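This briefing sets out the main features of the protein shown below. It begins with the chain as a whole and then turns to its sheets and helices.

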Amino acid sequence: MMNRRRFLTLSACAAWPLRASAAPQEWRGRAMGADVTLRLRGAGPAQARAFFTEAARLLAHVDSQFSLHRNSDLARLNRDGSLRFPDDDMLALLELSDELHRATGGMFDPTVQPQWLARARGENEEAARALTGWQRVERSPREIRLRRPGMALTLNGIAQGWAADRLAGAAARHDLTDLLIDTGEIRAIGARGWRAGLADAQGRLHRQIVLRSRAVATSSPEGTRIGPGHAPHILAADGRAPLWDTISVSAPSAALADGLSTALCLMSRQAMDAALRRLPQCRLELALPRKNAAEKPDSAAI
């Protein structure tokens, strides 16, 4: 996990209507440092305006909770080591992070932020790893607390998907039934379907899938390189290097697809299969091995 900008065609994938029809109504914004695009079909102008207004408000709320680059709740938690009476969204996202941490054998770990900063600055990552450890994060409706001074969290490996899911909830409240949400992760709403092209970090298209009321997320460690050594921006709390060039995962929710695609980049194929058995609602859609991985990922591309 990382403070990152994912490289994906159309942010998470190239996506377009499965069947030709009238051009969709479109809205663009930003959240968590990424471009957001909403494509809406079958709604009247007033209905679309009401939804787009709520979308802007929801995205501002996501930034106020999870951004590392403003005075968000997460930034205050990292600065102070504790956050009193956290927002329900913060608690829910940490609960999902805990589920992913357990399902991936600890590979999904939001406590890697000090390690990420050390890599970005060209500092000693081993010293920063002493500040990681998901078990050192205490959370309750009254307080979230980081048990060791200097600890910090990043939710950049899951918050863009969370934003897409919040927008899907808003769409349901506005009775919208045919919508593509792109927050850097893709969530499609509706039975008509949206075709998605899955690309690697160089923008090469490898596969197409159809999304019907489902989400897809793609992670590529070398899509962004950080620090003096231009190292991959996805990193593990135990220091292991990514094994995969590109991973795409589909799931019922964008947050689940987002977090899982991040963690799977660090895992052998055997470990990936075990994680997917624990999360049977998720599917591995694309897995491209890194050419220079120190350890073989035990799989050809799918």
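Among contacts in this predicted model between residues at least 6 apart in sequence, 67% join residues at least 24 apart. The protein has 302 residues, of which 60% are buried. Its secondary structure consists of eight helices and 15 strands.

**The seven-stranded sheet**

- Seven strands form an open, antiparallel sheet, in the order β2-β3-β7-β8-β11-β14-β15.
- Its edge strands are β2 (25–31) and β15 (283–289), each of which pairs on one side only.
- From one strand to the next, the twist averages 10°.
- Strand β3 (residues 34–40) pairs with β7 in the antiparallel sense over four bridges, and Arg39 stands opposite Leu180 in β7.
- Helix α6 packs on this sheet and touches β3, β7 and β8. The direction of α6 makes about 20° with that of β8.

**Strand β8 and its neighbours**

- Strands of a sheet pair through backbone hydrogen bonds, either parallel or antiparallel.
- Strand β7 (residues 179–182) is joined to β8 by four bridges, and the two run antiparallel. Within this pairing, Ile181 has Arg187 of β8 as its bridge partner.
- The hairpin of β7 and β8 has three residues between the strands, and Gly184 takes a positive phi there, near 105°.
- Three bridges join β8 to strand β11 (residues 214–219), again with an antiparallel run. Here the bridge partner of Arg187 is Ala215 in β11.
- In a regular strand the side chains alternate between the two faces of the sheet.
- In strand β8 (residues 186–189), Ile186 and Ala188 point one way, while Arg187 and Ile189 point the other way. All of these residues are buried.

**The three-stranded sheet**

- Three strands form an open sheet in the order β4-β6-β5, with antiparallel pairing.
- The edge strands are β4 (82–84) and β5 (137–139), each pairing on one side only.
- Neighbouring strands of this sheet are turned by 5° against each other on average, direction ignored.
- β4 is joined to strand β6 (residues 143–146) by three bridges, and the two strands run antiparallel. Ser82 stands opposite Arg145 in β6.
- Helix α2 (residues 73–80) packs on the sheet and touches β4 and β6. The direction of α2 makes about 130° with that of β4.
- Helix α3 lies across β4, β5 and β6, and runs at about 130° to β5.

**The packing of α3 and α6**

- Two packed helices are described by the angle between their axes and the distance between the axes.
- Helix α3 (residues 88–103) and helix α6 (residues 159–173) pack at an angle of about 120°, and their axes are 12 Å apart. This angle makes α3 oblique to α6.
- The crossing in which α3 passes α6 is right-handed.
- On the α3 side the contact is made by Asp89, Ala92 and Leu93, and on the α6 side by Ala159, Trp162 and Arg166.
- By class, the contact of α3 with α6 comprises four nonpolar, no polar and two charged residues.

**Helix α4**

- Which residues of helix α4 (residues 113–121) are buried? They are Gln113, Pro114, Gln115, Trp116, Ala118 and Arg119.
- The cover over the buried residues of α4 includes α5 (125–129), β12 (225–226) and β13 (231–232).
- Gly122 follows α4 and has a positive phi, near 75°.

**Glu54 in helix α1**

- Glu54 lies in helix α1 (residues 45–66).
- Is Glu54 buried or exposed? With a relative accessible area of 13%, Glu54 is buried, because buried means under 20%.
- Leaving aside its neighbours within four places in sequence, Glu54 is in contact with Ala170, Arg173 and His174.

Terms used: Residues are numbered from 1 along each chain as its sequence is written. This is a predicted model: local features need pLDDT of at least 70, side-chain atom pairs count only at pLDDT 80 or more; totals for chains, interfaces and linings use all residues. Side-chain values use heavy atoms; hydrogens and water are left out. Axes are lines fitted to C-alpha atoms, for helices over the stretch in contact, and angles run from 0 to 180 degrees between N-to-C directions. Angles under 35 degrees count as roughly parallel, over 145 as roughly antiparallel, 65 to 115 as roughly perpendicular and the rest as oblique. A crossing is left-handed if the near helix is turned anticlockwise from the far one by less than a right angle, and right-handed if clockwise. Contact means heavy atoms within 4.5 Å. Ala, Val, Leu, Ile, Met, Phe, Trp, Tyr, Cys and Pro count as nonpolar, Asp, Glu, Lys and Arg as charged, and the others, Gly among them, as polar. Buried means under 20% relative accessible area, exposed over 50%, partly exposed in between (1.4 Å probe, protein chains only). Two strands pair if DSSP finds at least two bridges between them.
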